[in-house]
Amino acid sequence: MTVADPPGTRYVTPKSGYSRETGHGFEALRDPIAASGRGGYCYGKGYSPLAGQYVGSREEGVFLFDLPKGRYRAWVTSGSQGSTWTAPVETRVRINDGEATISNPMPFRAFASKKVEFSADGATPVRAAFSSPAGLAWLINHILVYPAADERAAGAAIESLERDFFNYPVEEKVYRTAKVWVEYPPPEQTELTEEERRAGYAVVNLPVAQFSPRNYSPQSEDTRGPLRAVTSPGERVAMQFGVYAVRPVSTLDARLRGPAAEALQAQLMQVRYTVRNIGRGGLGQWGYQPRTLWPAETVYDLPAGRFQPYWITVDVAGEARPGVYTGQVELDLGDGRVVLREFRVTVLPFQPENKRFTWSMFYGPTLATPGWEKFTEQEKSVVLRVEKTYMRDMRRHGMDSLGGSTFRESYVKGADGRWHFRPCEREGLFLDALKETGMRALFASILGYEAYGQGPFILNEELQKQGVAPITSPPDRYRCKDKLPQAFFDTLTGITREVIAFYETRGFPVPAFFIWDEPGDINSPALAPFLDAVRKGGGRTHVTLVAGCFPALHGKVDNRDYNEIALGVIGGEAESPEKILERKREDGTRYFVYQNGTIMGADPRQARFCFGYWAWAWNLDGLNPYKYWKIYGDPLVGATPFHPLHLETPDRIRVTTPSWEMHAEGIYDNKLVQMLEDLSGAQASPAAVEAGVFLRELKSRSAVVANHASSTTSPLTGAPVVTQSIWPACRYDWLRMQLVKRILSVQGNEARFPGILAEVRAVEAESEAREAQLWTRMRRNLGEVRKGNLLPQGDFEKVPVTGNKAEGFSRWSANAVIQSEEVRSGKASLRFAHTVTVPNDSISFAGVSLSPGRRYTVRAWAKRRSEAEGVSQHTGFWLHTWGPEGRAKPYVRRLLVPLPKPTPTFDWTKFEYTLTAEPQEKTLEVWFYFADSKSTVLIDDVELLELED
C-alpha cells in the first residue's frame with residue numbers, strides 16, 4: 001500500500017489547455033469550480049489522492065485528449081470533499097459517440113461513477129463534453145480510460161480505486177500502527193462435497209443474520225438447496241448466499257432471473273468489505289469486515305479460499321397476494337461454468353401491525369446541507385427530494401419517526417435584545433417532507449443551548465456576560481450551573497412557546513424538546529433548570545440518559561432515551577425491566593432506547609436481536625434504534641456507527657448495509673410477536689394457550705439483565721455483547737417460523753394455505769438442522785467436562801501470600817487481606833477496604849484453559865458496607881479471555897459483572913455470569929477490581945464451573 005498517486009495519473013486544472021505536446025487539456029471551460037485539497041471527510045474518502053480534487057462548472061466544458069484508433073471505455077467519477085462543493089450536481093458526459101449521466105445529489109457525501117463506451121479515430125483528439133441542466137453544475141473528480149478489450153484488467157483497477165475510497169488512508173495507518181493485523185478467524189475446516197471440489201467452487205446459502213468474513217469456508221450445516229424467505233405484504237425481506245473459490249476464479253458475475261411478479265421487486269446486492277477494528281479497536285486489532293451491500297458487479301480474481309457473499313433484497317407490495325413466488329440466480333464463473341440457484345419468497349396471508357412501539361432514530365436533516373442560502377432553486381429542489389428519499393427508505397425499514405432538529409437560521413436576536421425563534425424557509429419544508437412521507441418527529445432540538453452541532457451560541461453569549469469561560473465540549477457543561485440569570489431561562493421559555501406556535505400553525509403535532517445530548521451525572525444538575533424552562537413554556541422534554549443522570553433530573557423528563565445498554569448497566573438508577581415499568585407508572589414518562597454502535601457493528605444479528613426480541617422483552621413503550629448520523633462521517637476512522645446510504649439519484653438508494661437491512665428484519669419480527677401476543681390473549685383455544693407459553697419462554701430468554709450486560713465487544717464480530725446469549729444466526733429464521741406457524745394456527749388458517757405452510761416448515765427444518773450441526777461441529781473433540789471448581793483458591797481458605805504475590809493468582813494487591821472475621825462459608829474470605837480511591841486495587845486468579853464452544857459459569861459472593869458517594873460503577877468482577885498467544889497479544893474479551901452502585905450496603909449476595917467460549921478464546925482470568933473510594937468489600941466462594949453440553 002502506498003499513498004502515491006496511481007501510475008499514469010495526469011493532473012488537470014481549469015487552466016490546462018489542450019496542445020499536441022501535452023495530448024490533453026480543455027478546449028473550453030468557462031466559470032470553473034475546482035478544488036485541489038486533500039483533506040476533509042466524506043463517504044467516498046475525500047482525502048484519497050484520487051478523490052481530493054475536482055473540476056466543474058455550471059457552463060458546458062469540453063476536454064480533449066489523444067488516443068490511438070480503437071474502442072475504449074471511460075470510468076467517470078463525480079464527487080467532492082465535504083468541506084468544499086456541497087450543492088447537488090448532474091454531470092452529463094458525452095465522449096465522441098458515447099454518453100452517460102451521473103446524478104450525484106450529495107457529492108460531498110458520496111462519489112458516483114458511470115462507464116462510457118466510445119470510439120477514437122486516432123487522427124483527431126477525443127472530445128469529452130461535460131454539461132448539466134439549468135440551475136445545476138457538473139463535477140468531474142477523475143476519469144479512468146482503457147481499451148474496451150481490456151475490461152477485465154480495467155475492472156481490477158476500478159476495484160482498486162473503489163477500495164481506495166473505502167480504505168484510504170485507514171490501511172496506511174493500520175499497517176504502520178496496528179498491534180494486531182488479522183483476518184477474522186476462519187472455520188477450523190472446510191467441508192465440501194466431492195462434486196464441489198472437482199468443480200472448483202461451492203455455492204452455499206446462509207441465514208441473512210450470519211456474519212460472513214472474506215475467509216469463510218463452507219461447513220456441513222450450510223444449505224445447498226434453494227434460498228427461502230418468508231414475509232408479509234408491504235414488507236422487505238432478504239436472503240444471503242455466497243460463492244467459495246476452491247480454485248481461483250478470474251471473473252464472477254451474478255444476475256437475477258425473476259420473480260416474474262409485479263408485486264415483488266428483487267435486487268441482487270454484493271457484500272463489500274472495509275477495514276475496521278476487530279474486537280476492541282483501541283487495542284490495535286484490525287481486519288476486514290462485511291460493511292456495505294452494493295448492486296452486484298463483476299468480481300475479479302477471487303482467489304482460492306476466498307468467499308464472496310451476495311444478498312437478495314425483495315420489496316413486497318402491500319397488495320401482493322399470499323403464495324410462494326420463485327425466481328433464479330444465475331452465477332457465471334467464467335470458463336463456461338454457469339450455476340443456477342432457485343430462490344423462493346413466501347408471502348403470508350396477513351400483515352402484522354406495530355401497535356405499541358415507536359421505531360425512531362436520531363436524524364440530521366439533509367436540508368441542513370451547508371450553503372443552502374446560495375443554492376439555486378433547482379439545487380434546493382434536489383436536496384428536498386433527497387430528504388424525502390431518506391425518509392421513505394426509513395419507512396421501508398420499519399421506522400415511523402425521527403429525532404430531528406431545527407435550523408440555525410431560525411434563531412435570531414430581536415430588537416428587544418433577546419433571542420427568538422423565527423422559522424426560516426427550511427423549517428416548513430422539513431415538516432412538509434415529514435407529512436408527505438408519513439413520518440413523525442420524536443423530538444426537536446432547540447439550538448443555541450447545546451455543546452454539539454451548531455454549538456451553544458446562545459448559552460456562551462450569556463456565559464461571557466457572566467465572566468465564565470465558554471463551553472466548547474459536552475463534558476464542560478457542568479460549568480454553567482448556578483451561573484445563569486433568570487432572564488436567560490425566560491428566553492428559553494419564550495423560544496419554546498414560539499416553536500410550539502410554529503408547529504401548531506403548520507397543523508403538525510408538537511414534539512418533545514431536546515437540549516443536551518447525554519448529560520451524564522456530572523452535567524445533569526446544570527441541565528435541570530433548562531428542562532424547567534422548557535416545561536414552563538408548555539413543552540415536553542426529551543433527554544438521552546446514561547447511568548448516573550438521576551436523581552438530579554427526576555420528575556423533569558417526559559421522554560427518557562437510554563444510551564446503548566444503559567438499561568442493563570449498574571449505576572445511577574440501574575433499571576431492571578420491573579423498575580422501568582414502575583417508573584412509567586410513577587412518572588407517566590415515555591421510554592426509549594437507542595443502541596448506537598450495537599446496530600452498525602460487524603454482526604447484523606445484533607440489530608435483528610435488539611429490534612425483534614430484546615425491545616419487546618423489556619416491555620418498553622418506545623424504541624429509538626440508534627444514533628443516525630446518515631453519511632456525514634467516515635465508517636472506518638473511529639468506527640462511526642451510522643447508516644451509509646449512497647444515493648444513485650435523488651429517488652433511489654444504491655448502497656445499503658447488512659445491519660440496516662436487519663433493522664427491517666427485526667422490526668418485522670417484533671410485529672409478528674405483537675400479533676401473536678394479541679391473538680393469544682384474545683382466545684382461550686389450545687393453540688392460543690400454547691402460543692402464550694411460547695411467548696413467555698421467549699421473553700425470559702430475550703431480556704437483558706444487569707449482570708449480563710457487557711462493556712466490551714464480541715471477539716468474532718466486533719459487535720457489542722449485550723446479553724448472556726446472542727443466538728446463532730439460524731435461530732432467527734427458526735423463531736420467525738415459530739411465530740408464523742402459531743399465528744396461522746390460532747387464526748385457524750393452516751388448512752387454507754397448505755403451500756405456504758409447507759414452505760414455513762421447510763425453513764423451520766433447515767434452521768433446526770443447521771443449528772444442530774453447528775453445535776455438533778463447535779463441540780467436536782471437546783472431551784469430558786471438568787468437574788468442580790476450576791479456581792482451586794476460590795474459597796480463600798489456604799492462600800500463601802508474600803507481599804504482592806499470592807499462589808494461584810496472576811495479580812494480588814497489597815490492600816487485599818485474607819481474614820476470618822466475616823465469611824460466607826468456611827473459615828476465610830477476602831477483604832478490601834478503602835478510605836480514598838486507590839488506582840488499580842485488584843486481584844486476578846491465574847488463567848484457566850477454555851474449550852471453544854463450551855459454556856462456563858463464573859459465580860462469586862460479595863458483601864459491602866459503604867456510603868452512597870463512596871462506591872464506583874466500575875467495582876466488580878471483570879472476566880478477561882485471551883487467545884492462543886496469551887498475554888503476548890491484547891485480551892480478546894472483557895466482561896463486567898458489577899457490584900450494584902445504587903445499593904452501597906448489602907449482605908452476602910451472589911453474582912454470576914455464563915459465557916460460551918468463542919473459537920479463539922483459550923484462557924480465562926477472573927479479575928476483581930475495587931474502585932470504591934469509601935467502602936469495605938468482602939469476597940468469598942469464587943467459582944468457575946465448566947457446564948455440560
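**Figure 1. Overall content of the predicted model.** The protein has 14 helices and 47 strands, where helices (H or I, at least four residues) and strands (E, at least two) are DSSP runs numbered from the N terminus. This is a predicted model, in which local features need pLDDT of at least 70 and side-chain atom pairs count only at pLDDT 80 or more, while totals for chains, interfaces and linings use all residues. Residues are numbered from 1 along each chain as its sequence is written, and side-chain values use heavy atoms, with hydrogens and water left out. Of the 949 residues, 59% count as buried (buried means under 20% relative accessible area, exposed over 50%, partly exposed in between; 1.4 Å probe, protein chains only). The protein exposes about 35,900 Å², and carbon and sulfur atoms supply 50% of this area (Shrake-Rupley method with a 1.4 Å probe; for residues, only the protein chains shown count as cover). Among contacts between residues at least 6 apart in sequence, 76% join residues at least 24 apart (contact means heavy atoms within 4.5 Å).

**Figure 2. Salt bridge between R58 and E379.** The structure holds 65 salt bridges, each defined as a side-chain nitrogen of Lys or Arg within 4 Å of a carboxyl oxygen of Asp or Glu. In the pair R58 and E379, the closest N and O atoms are 2.7 Å apart. R58 belongs to the loop between β3 (54-57) and β4 (61-65), and E379 to helix α4 (residues 377-396), so that the pair links distant parts of the chain, 321 residues apart. R58 is partly exposed, with a relative accessible area of 38%, whereas E379 is buried at 0%.

Figure 3. The side chains of E117 and R73 form a salt bridge with an N to O distance of 3.0 Å. E117 sits in strand β8 (residues 112-120) and R73 in strand β5 (residues 70-78), distant parts of the chain 44 residues apart. E117 is partly exposed, its relative accessible area being 31%. Through salt bridges that share partners, R71, R73, D97, K115, E117 and E151 are joined into one network.

**Figure 4. Salt bridge between K741 and E764.** The side chains of K741 and E764 meet in a salt bridge of 2.9 Å, N to O. Because K741 lies in helix α13 (residues 730-747) and E764 in helix α14 (residues 754-778), the pair ties together parts that are 23 residues apart in sequence. K741 is partly exposed, with a relative accessible area of 22%; E764 is buried, with a value of 10%.

Figure 5. The structure holds 8 cavities of 30 Å³ or more. On a 1 Å grid over the protein atoms alone, a cavity is a set of points where a 1.4 Å probe fits but cannot get out, and lining residues have an atom within 4 Å of a point. Grid points are joined across faces, edges and corners, and a volume is the space filled by probe spheres set on the points. The largest cavity holds about 350 Å³ of space. Its lining has 25 residues, of which L206, P207, R228, D733 and V763 lie nearest the centre. Two or more lining residues come from each of β13 (201-206), β14 (227-231), β15 (236-245), α13 and α14. Helix α13 gives the largest share, 5 residues. By type, the lining of the largest cavity divides into 14 nonpolar, 4 polar and 7 charged residues (Ala, Val, Leu, Ile, Met, Phe, Trp, Tyr, Cys and Pro count as nonpolar, Asp, Glu, Lys and Arg as charged, and the others, Gly among them, as polar).

**Figure 6. Surroundings of V763.** V763 is found in helix α14 and counts as buried at 7% relative accessibility. Apart from neighbours within four places in sequence, V763 is in contact with R228, V230, D733 and M737.

**Figure 7. Surroundings of Q210.** Q210 lies in the loop between β13 and β14. At 10% relative accessibility, Q210 counts as buried. Not counting residues up to four places away in sequence, Q210 touches Y216, Q240, A729 and R770.

**Figure 8. Surroundings of T491.** T491 is part of helix α7 (residues 486-505) and is buried, with a relative accessible area of 10%. Leaving aside neighbours within four places in sequence, T491 is in contact with R418, W419 and Y449. T491 and R418 are 6.7 Å apart in space, C-alpha to C-alpha, and 73 residues apart in sequence.

Terms used. 1 Å grid on protein atoms, 1.4 Å probe; cavity = no way out; pocket = protein on both sides within 12 Å on 5 of 7 lines; lining within 4 Å.
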